[in-house]
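Colleague: I have the model open and would like to go through it with you, one topic at a time.

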Amino acid sequence: MIYMIILLILFMSLYFLYIDKKLISPAFSFSCLFALILAMNAFEVFSLYKAKESIYLLILLGVSSFLCGTCITRTWKFRIRKSASSSKREIVSINCQMYWGMFIVCLSILGPSIFMISSFLVSGNSIGDVYLIAARASHGEINELTQSSLNILLEQYIAYPLLYLLVPASITLFFHYYKKRYLMIAIILTCIRIVLNARRTYLLTFLMMLFTEYIMHKNDSYFSNMKYAMAMKKWKKRIVALIGIFVGVFVYITVQRYNAEGKIHNVNLLASFCYYYGGSLKYFEHSLEGYRESYTYGFSSLRGLFSPIFGVLKLLGIGAPRAYETATRVLNSMASNIIFISPDKTFNSFATAFYQFYCDGGILGIVFLSVLYGAYSHFLYRKWKDDRTVKSETQYVFWYTTVLMLSFVNMETVLSMCIWPIIISKLLFNKKCVKV
C-alpha cells in the first residue's frame, strides 16, 4: 500500500507537470516534494524509521486535496486589469522611497543583533558556536546572545517581515532590470539572516529564489529588447557562480555546526538532507499520537497573521482567544519535544504543514485547509503568469520558496515573517495606467 501511495502521488505530479509545463508550478512542486519525502521514508534511507501506513494515507489525502484546490483556481479566468474604458492597462513599478525606507528600518532594528553577533565572532567564536548558543537563548537560557523582550518583538514583527519581503523583491527587480544594487541588497540581507542564527534554511531559500527567478526569465532574450537580452546573457554565468559560492557557504556552516557539536567525524551532507526531509513523517506521526488539545480552528495555520495583533492587544491588557493560546503552546512545545528518527539521529519541530491543518480541525481540517492552500498557491501562480508584473512575481517567488517548498517543515505561516510580507508587499509597488 505504501509504495502504491508513492507511485500515485508521483503520477499526479508528472500529470500536472505535463499540464503546466513549468517546474515551478505549485501543483507539480508540492506533489513532487511529498513524493520525494515519502520515498525517503519508505525506503528507510540512512536507517530512517518508517512511519505508519496511516501517515502515508493522511499525506495522500492532503496532497490530493491541495491538487483539488489548484484545480478549483484553474477554472477561474484571470486577466490583466484594465481601466473602465478598456483602452488602458495597469503597470506596476517599485516605490523607491518605500523600498529604501523599509531597508533602513530593517537594518536599524537588526543593528543591535548584528553588533552582538559580530562581537561574538570577533572574540574567537565560530558560526557553529553562534548556532548552539542562539538555540539555547531561544529556549529561555540567559547567555551572551540573549536579547531584550522589546528587541525580540521588533525583530519578529517588523524587521524580519521586511527582510523576508525585500529579499525576493530585490531578486525580482534584479532579474527585471539587471542592476547590481538590487542583487547586492538581496545578498546583504540574506547574509544577515544566516549569520544571526547560523541556520541553513534561509540559505536554501535564497538559492531557491535565484533558481526560481532564472526559470521565470530564462527565455527573456527571445522577447526583450537588445539591452536586456545582452544583460541576461552576461549575468547567466555570474548567477551560476553565485549559486556555487552559496553552496560552499552552506557546506561551511554545516561543518562548523557539526564541529561545535563535537560531531565533525559524522559530517554527511546527503544524510543531513535525507534526515531533514524524510524525518518529518516520523515526527508528524509522533505529534499526532501525542495531540491532546482541542482544535484551534485556523489559529495554528495562520498563527503568524494574528501574532502581531494579539501581541499589541496583550500590551493593552486584552487577552487572546483560547484557540490562539493553544496554537502557540503546541508550536512552542515542538522545539523541546525531541524523538529519534533513526538509531542515532534525533529530530524536533518538523511535522509537515498537514500537522497544523490537523490541529485546526482534525482530518477535515487537513482536507479543507489543503484545498484552500492549493487554491491560493495556484492563484498567486496564475497572477504571475497573467500579469508578469514585479509585484505578482515578488509575491509568488516569496510564497513558492518561503512557504510552499518548506511545507515539509511546517505550515510556515505560523510565523509572522512568512505571511505578513504578502500583505505589506502592496505598499512596495505603485500602479499607473498606460494606453494599450
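Colleague: Let's start with Cys68: what is its relative accessible area?

Modeller: Cys68 has a relative accessible area of 44% and is therefore partly exposed, a class that lies between buried, under 20%, and exposed, over 50%, with a 1.4 Å probe and protein chains only. The model is a predicted one, in which local features need pLDDT of at least 70 and side-chain atom pairs count only at pLDDT 80 or more, while totals for chains, interfaces and linings use all residues. Residues are numbered from 1 along each chain as its sequence is written, and side-chain values use heavy atoms, with hydrogens and water left out.

Colleague: How many disulfides does the structure hold?

Modeller: The number of disulfides in the structure is zero.

Colleague: And is Cys418 buried or exposed?

Modeller: Cys418 is buried, since its relative accessible area is 2%.

Colleague: What lines the largest cavity?

Modeller: The largest cavity holds about 50 Å³ of space, and its lining is made of Ser300, Ala327, Val330, Leu331, Met334, Gln356, Cys359 and Val414. Two elements give two or more residues to this lining, namely helix H12 (322-336) and helix H13 (353-387), where helices are DSSP runs of H or I with at least four residues, strands are E runs of at least two, and both are numbered from the N terminus. The largest share, four residues, comes from H12.

Colleague: And which residues line the second largest cavity?

Modeller: That second largest cavity has about 30 Å³ of space, and its lining includes Tyr164, Pro168, Gln395, Phe398 and Ile422. Helix H6 (149-177), helix H14 (390-402) and helix H15 (420-424) are the elements that give two or more residues to the lining of the second largest cavity.

Colleague: What else sits in H12, for instance Thr328?

Modeller: Thr328 is in helix H12 and is buried, with a relative accessible area of 14%. Although Thr328 and Arg303 are 25 residues apart in sequence, their C-alpha atoms are 7.6 Å apart in space.

Colleague: Let's turn to the rings: how many aromatic pairs are counted?

Modeller: The count is 39 aromatic pairs, where rings of Phe, Tyr and Trp (its six-membered ring) pair if their centres lie within 6.5 Å, and planes under 30 degrees apart count as stacked, over 60 as edge-to-face and the rest as tilted. One of them is Phe30 with Phe354, an edge-to-face pair with 6.0 Å from centre to centre and 80 degrees between the planes. Phe30 lies in helix H2 (residues 26-42) and Phe354 in helix H13, so this pair ties together parts that are 324 residues apart in sequence. Both Phe30 and Phe354 are buried.

Colleague: Which kind of pair do Tyr283 and Phe347 form?

Modeller: Tyr283 and Phe347 form a tilted pair, with 6.0 Å between the centres and 55 degrees between the planes. The pair links distant parts of the chain, since Tyr283 is in helix H10 (residues 269-289) and Phe347 is in strand S3 (residues 345-347), 64 residues apart. Tyr283 counts as buried at 0% relative accessibility, and Phe347 counts as buried at 6%.

Colleague: Last topic, the backbone: what is the phi of Lys21?

Modeller: Lys21 has a positive phi of about 55 degrees, although it is not a glycine. Lys21 lies in the loop between helix H1 (2-20) and H2, and Lys21 is exposed, with a relative accessible area of 61%.

Colleague: And where is Ser349 found?

Modeller: Ser349 is in the loop between S3 and H13, and this residue, not a glycine either, has a positive phi of about 75 degrees. Ser349 is buried, with a relative accessible area of 18%.

Terms used: 1 Å grid on protein atoms, 1.4 Å probe; cavity = no way out; pocket = protein on both sides within 12 Å on 5 of 7 lines; lining within 4 Å. Points joined across faces, edges and corners; volume = space filled by probe spheres on them. Disulfide = S-S within 2.5 Å.
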